[in-house]
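Notebook open, model loaded. I want to go through the helices and a few single residues.

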Amino acid sequence: MFLAYRAASYLDLKEPEPAAAAATQSLLLARRIGAPRCVQLVDDLLPRFQSYARAQGVPELLQLAAA
């Protein structure tokens, strides 16, 4: 949960690269341990990443989320 909140905070600061890194870590961990609420938190952030589609880590995050 903390990583998802961190990603949101980075997005608020308009820092997409660390936001994508935190969201990716959060999503991978949440899927591994079976934490659907955390997965949903990351899913809810995905629209905010659309305007940063070329930022480092964002395409990978979006691809991971779609899988």
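Helices here are DSSP runs of H or I with at least four residues, and strands are runs of E with at least two, numbered from the N terminus. I am working on a predicted model, where local features need pLDDT of at least 70 and side-chain atom pairs count only at pLDDT 80 or more, while totals for chains, interfaces and linings use all residues. Residues are numbered from 1 along each chain as its sequence is written, and side-chain values use heavy atoms, with hydrogens and water left out.

**Entry 1: Ala65**

I looked up Ala65 and found it in helix α4. Is Ala65 buried or exposed? Its relative accessibility is 17%, so it counts as buried; the cut-offs are under 20% relative accessible area for buried, over 50% for exposed, and partly exposed in between, with a 1.4 Å probe and protein chains only. I then checked contacts, meaning heavy atoms within 4.5 Å. With neighbours within four places in sequence left aside, Ala65 touches Leu27, Arg31 and Leu46. I also noted a C-alpha separation of 7.2 Å between Ala65 and Asp43, which sit 22 residues apart along the chain.

**Entry 2: α2 against α4**

Next I took the pair α2 and α4 (residues 58-66), whose axes come within 9 Å and cross at roughly 25°. Axes are lines fitted to C-alpha atoms, for helices over the stretch in contact, and angles run from 0 to 180 degrees between N-to-C directions. α2 and α4 are therefore roughly parallel; that label takes angles under 35 degrees, with over 145 roughly antiparallel, 65 to 115 roughly perpendicular and the rest oblique. I logged the crossing of α2 past α4 as left-handed, which says that the near helix is turned anticlockwise from the far one by less than a right angle, clockwise being right-handed. On the α2 side the contact is made by Pro16, Ala20, Ala23, Thr24, Leu27, Leu28 and Arg31, and on the α4 side by Val58, Leu61, Leu64 and Ala65. By class I get nine nonpolar, one polar and one charged residues. Nonpolar covers Ala, Val, Leu, Ile, Met, Phe, Trp, Tyr, Cys and Pro, charged covers Asp, Glu, Lys and Arg, and the others, Gly among them, are polar.

**Entry 3: α1 and its buried side**

Which residues of α1 (residues 2-12) are buried? I have Ala4, Ala7, Ala8 and Leu11. They span an arc of only 100° around the axis, which puts them on the same side of α1; the arc is taken over the directions from the helix axis to the C-beta atoms. These buried residues pack against α2 (16-33) and α3 (36-49). On the face turned away from them I find the exposed Phe2 and Asp12.

**Entry 4: α1 against α2**

The axes of α1 and α2 come within 8 Å and cross at roughly 160°, so the two helices are roughly antiparallel. α1 also passes α2 in a left-handed crossing. The contact has nine nonpolar, two polar and one charged residues. One of the α2 residues in this contact is Ser26. At 2% relative accessibility, Ser26 counts as buried, and apart from neighbours within four places in sequence it contacts Leu3, Ala4, Cys38 and Val42.

**Entry 5: Lys14**

Last, I went to the loop between α1 and α2, where Lys14 is found. Its phi is near 60°, a positive value in a residue other than glycine. Most residues other than glycine have a negative phi. Lys14 has 62% relative accessibility, so I put it down as exposed.
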